[in-house]
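Please look over the sequence and the structure before reading on.

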Amino acid sequence: MSLGPDLVGRSYPPTAPYRVSAEKVREFATAVGTAYDGPAGPVTQVPATFPIVLAFAAMNDFLAAEQVELARIVHGEQRFAYERPVVVDDVLTAQLTIASLRQIGGNDIIGTRSEIHDADGALVCTAAATLVHRGADA
């Protein structure tokens with residue numbers, strides 16, 4: 001199943017609010033092998049790639065809405081553009097928009113843009129990703 005070009009510009013509902021806790025930051029930092037303040041002390045540093053937690057949730061909501069199997073997706077590229085750093089106790093949501101879509105060799109090359117906002121509605125960062133959706137014959 002190929003995705004249609006009419007998806008470009010479509011936005012999906014924001015994710016559920018997500019509280020950035022010190023525990024979640026420690027788990028993320030350990031999982032990706034990056035530095036943070038330490039396992040026993042207070043967490044004041046949030047890894048720069050932590051917003052992928054929200055961006056991935058928004059991507060899964062998009063895949064479910066379009067009935068696309070995650071197993072047919074290859075994550076091609078990821079970029080973050082920050083308005084401010086993410087901090088512990090932020091409550092964040094992400095809203096994904098399809099920025100581009102083209103077909104190459106039976107695959108869909110999907111550009112997504114997820115805007116991540118805080119509880120006051122201020123933009124914290126934008127996560128841009130390229131996803132490759134393997135077509136039925138790919």
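D89 is placed in the loop between β2 and β3, the latter spanning residues 91–104. The model is a predicted one, and in it the phi of D89 is near 80°, a positive value in a residue other than glycine. Most residues other than glycine have a negative phi.

**Other positive phi angles**

- Q67 is not a glycine either, yet its phi is positive, at about 55°.
- The loop that holds Q67 runs between α2 and β2, with β2 covering residues 73–82.
- Q67 counts as exposed, because its relative accessibility is 69% and the cut-off for exposed is over 50%.

- The buried residues in α1 include V25, F28 and A29.
- These residues lie on the same side of α1, since the arc they cover around the axis is only 95°.
- An α-helix has 3.6 residues a turn, so residues three or four places apart point the same way.
- E23, T30 and A31 are exposed and sit on the face of α1 turned away from its buried side.
- α2 is among the elements that cover the buried residues of α1.

**Aromatic pairs**

- The structure contains 4 aromatic pairs.
- One of them joins F28 and F50, with 5.2 Å from centre to centre and 75° between the planes.
- That pair is edge-to-face, because planes over 60 degrees apart are classed that way.
- F28 belongs to helix α1 (residues 22–32), whereas F50 is in the loop between α1 and α2 (52–65), so their pair ties together parts 22 residues apart in sequence.
- Ring pairs also bring in Y18, which is linked with F28 and F50 into a cluster.

**Burial of the F28–F50 pair**

- Are F28 and F50 buried or exposed?
- F28 is buried, because its relative accessible area is 12% and buried means under 20%.
- F50 is buried as well, with a relative accessible area of 1%.

Definitions and conventions
Residues numbered from 1 in each chain as written. Predicted model: local features only at pLDDT ≥ 70, side-chain atom pairs only at ≥ 80, totals over all residues. Heavy atoms only, no water. Phe/Tyr/Trp six-rings, centres within 6.5 Å; stacked < 30°, edge-to-face > 60°. Helix = DSSP H or I, 4+ residues; strand = E, 2+ residues; numbered from the N terminus. Buried < 20%, exposed > 50% of the residue type's maximum accessible area, 1.4 Å probe, protein only. Arc of directions from axis to C-beta. Contact = heavy atoms within 4.5 Å.
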